[in-house]
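Please look through the sequence and the model shown here before reading on.

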Amino acid sequence: INSTLGIGGMWDVATDWGMQKQTGDFGQTLASWGVGEGPYLMLPLVGPSDMRDAFGRGVDTAMSPWQWITLGAGNLTTFTEFEVSDFTADAIVRREKNIEVIDQLRANSVDPYSTARSAWLQHRRKQLGQTQATSMPKMDEE
């Protein structure tokens, strides 16, 4: 609705019609199709991810309509400037939203990397509606 009647999502028409905002990413789509998460990754300048969500983030980035608009409206320099600006602004916002948690993690954890990995994986699995039993292989009991 917003993409069509809201002219590319510039206006929120759907809320006025009583529709709730839906969020999602291609990593969630891949998870719903049964693609496993793969190894945990700590991507420089991007942050925590897993192989499935890193690929999904790449698809989300490539399919962003704003990129295609800047590429079509300008030249390669305009496109590159948009990409750098968008990435930088997103990184600053994500960092600002999580700075207290990151500081607490560093100050109160014996192994900040393992703690961050565990917290991120739990958070992502919760976003995907996965429980511990469905997302982790069961151990044989003896």
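In which helix is Thr 70 found? Thr 70 is found in helix 4, which covers residues 65–73; helices here are DSSP runs of H or I with at least four residues, strands are runs of E with at least two, and both are numbered from the N terminus. This is a predicted model, in which local features need pLDDT of at least 70 and side-chain atom pairs count only at pLDDT 80 or more, while totals for chains, interfaces and linings use all residues. Residues are numbered from 1 along each chain as its sequence is written, and side-chain values use heavy atoms, with hydrogens and water left out.

Is Thr 70 buried or exposed? Thr 70 counts as buried because its relative accessibility is 15%, where buried means under 20% relative accessible area, exposed means over 50%, and partly exposed lies in between, with a 1.4 Å probe and protein chains only. When residues up to four places away in sequence are not counted, Thr 70 touches Asn 75, Thr 78, Phe 79 and Phe 82, a contact being heavy atoms within 4.5 Å. A polar atom of the Thr 70 side chain also lies 2.8 Å from the backbone oxygen of Gln 67. Gln 130, by contrast, is 60 residues from Thr 70 in sequence and 37 Å from Thr 70 in space, C-alpha to C-alpha.

## Three residues in loops

Ser 109 lies in the loop between helix 5 (76–108) and helix 6 (112–127), and with a relative accessible area of 17% Ser 109 is buried. Leaving out residues up to four places away in sequence, Ser 109 touches Gln 104 and Thr 115. With the side chain of Thr 115, the side chain of Ser 109 makes a polar contact at 2.6 Å; a polar contact is a pair of N or O atoms within 3.5 Å, and within protein one must be able to donate a hydrogen and the other to accept it, while residues adjacent in sequence count only if both atoms are side-chain atoms. The side chain of Ser 109 also reaches the backbone oxygen of Asp 111, at 3.2 Å.

Glu 37 has its place in the loop between helix 2 (26–32) and strand 1, and is buried, with a relative accessible area of 17%. Apart from neighbours within four places in sequence, Glu 37 is in contact with Asp 50, Met 51, Arg 52, Leu 121 and Arg 125, and the side chains of Glu 37 and Arg 125 make a polar contact at 2.4 Å. Leu 45, in the loop between strand 1 (40–43) and strand 2 (47–50), is exposed, with a relative accessible area of 70%. The phi angle of Leu 45 is near 65°, a positive value in a residue other than glycine.

## The chain as a whole

The chain has 7 helices and 2 strands, and from the N terminus on its elements run α-α-β-β-α-α-α-α-α. The radius of gyration of the chain is 19 Å, well over the 14 Å that the globule rule gives for 142 residues, so the chain is more spread out than a compact globule; this radius is taken over C-alpha atoms, and the rule is 2.2 Å times the number of residues to the power 0.38. Along the principal axes, the C-alpha atoms fill a box of roughly 60 × 35 × 25 Å.

Buried residues make up 18% of the 142 residues in the chain. Among contacts between residues at least 6 apart in sequence, 40% join residues at least 24 apart.
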